[in-house]
Amino acid sequence: MTVSKSGVAAIVGRPNVGKSTLFNRLCRSRDALVHDRAGLTRDRKYGTARSIDDATVTLIDTGGLHDEGSVSRHVDEQVQLAISESDLVIFLVNARDGLTSDDIQISKELRRAGSEVLLVVNKIDGVTHGSDYALIEFSPLGFEKCLPISASNGHGVQLLTEVLTTHLPLNESEDLNVNSALPVAVLGRPNVGKSTLVNALLNDQRCIVSDQPGTTRDAIQVVLDRGDVSFAFTDTAGIRRKGSVDDVIEKFSIVKALNALRASEMTLLVIDANEGIVEQDLHLIQFAIEAGTGIVLVVNKWDKLDSEQRAKCQRQINRRLKFADWIQIRYVSALLQSGIDSLLDDIVRIHSNGAVTVSSSELTETLADLLLAHSPPLVRGRSIKLRYAHPIDSHPPSIMVHGNQTDLLPASYKRYLENGFRQLLDLDGWPVVIKYRTSKNPFRDRQNRLTPRQQRKRDRIIRRRSKSL
């Protein structure tokens, strides 16, 4: 926790006026998904903009109001929540489109809400008749403060930052340091209940939930405090098979989801109990293993199955997870919020397991026990010798093993060592990374020079063999 001057501002407007572009510009990031297509943003997205005098502004990026999409009602609800949380509303309009009926409707709603509003006219770089004319065009909205900007190229953004600092009620507050929270990615295929699970964990309707697949498009991070532990959950877009993805927005969403996975230390991989583990789920498990995160498999919608279906589902999961039987499995119902508390306990426990606290001597003793139980196979008639081990890193647990001919170790024996270290060191829930280093032979490049006597003896032996032939 750090104490600083802070205020909250929500960016509000109709679809495709540049809210996410302005959000990224003020936060100096690319966190928000941006595209020319209207209605791209749906959930609330939070970010921090550093202004002047060491003051910080918490920005809320919102979806477009009064869109005609299938989840427009949910988007409008999210925008209203953002407005109620904010000290100031940045009402963004599009200079290229001019004043529209939707802009007038939104201005009336903001007045009814009693919000302090800063009217910002975006995309002035695309107006031929100048920014002054654009400001005059939006004057019927009746807002006292009005600024022309271009969020895409930064014109007027510095002035907007100064105005935010001036008009926001910047109070001394304790800011939660998101970087100190445990990062957890919520991953899965579309429509398996990832957003419902995040809402259940938070006990709040933080993410939009719909039966329509692909509702979540951006990676939405939310922070949950539970005692002494803070969790930073990232709700990600559903990831379908590569061959099924042809929409550019979905491709961007998948990239954001995989980036969130790489930035996390734990992964909640959500699957649908009605379908069990399918091929795409196995691919996602492999992604999480390669990213080096601890993994909990969350079997959602468990309440939809009867006892016979549950037993069948468990058998199928155990059979398909034989290659990674170290993954913790939890059966939950996010909708009914059953089994949710145990998930948080699993995250804390498994994350604690991922911290390698053993010394090099203990690791070497563990390696010796594994070698004694099952020695490496011979390669070309020569034995592979593994001499000692030492820790490299934590989260994921990483170990370096030294020996000779380690590059010739079969993959099956490497898996044996990984499983052995995991079991003996209590690293359940984690992919164990073992790196191998072959010791250099100090005599490899040295030439064996014979003494004169040895050379004469060698010549006699060669002559005798020649005569015998």
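Biologist: Which residues of α6 meet which residues of α10?

Modeller: L197, A200 and L201 in α6 meet I340, L343 and L344 in α10. Contact means heavy atoms within 4.5 Å. The residues of this contact divide into six nonpolar, no polar and no charged.

Biologist: What should I know about the model itself?

Modeller: It is predicted: local features need pLDDT of at least 70, and side-chain atom pairs count only at pLDDT 80 or more, while totals for chains, interfaces and linings use all residues. Residues are numbered from 1 along each chain as its sequence is written, and side-chain values use heavy atoms, without hydrogens and water.

Biologist: Why is α6 called roughly perpendicular to α10?

Modeller: The axes of α6 (residues 194-202) and α10 (residues 340-353) cross at roughly 90°. Roughly perpendicular means 65 to 115 degrees (under 35 is roughly parallel, over 145 roughly antiparallel, the rest oblique). Therefore α6 is roughly perpendicular to α10.

Biologist: What makes the F231 and F233 pair stacked?

Modeller: Rings pair if their centres lie within 6.5 Å; planes under 30 degrees apart are stacked, over 60 edge-to-face, the rest tilted. The centres of F231 and F233 are 5.7 Å apart and the planes are at 20°, so the pair is stacked.

Definitions and conventions
Axes fitted to C-alpha atoms, helices over the stretch in contact; angles between N-to-C directions. Helix = DSSP H or I, 4+ residues; strand = E, 2+ residues; numbered from the N terminus. Nonpolar A, V, L, I, M, F, W, Y, C, P; charged D, E, K, R; others polar. Phe/Tyr/Trp six-rings, centres within 6.5 Å; stacked < 30°, edge-to-face > 60°.
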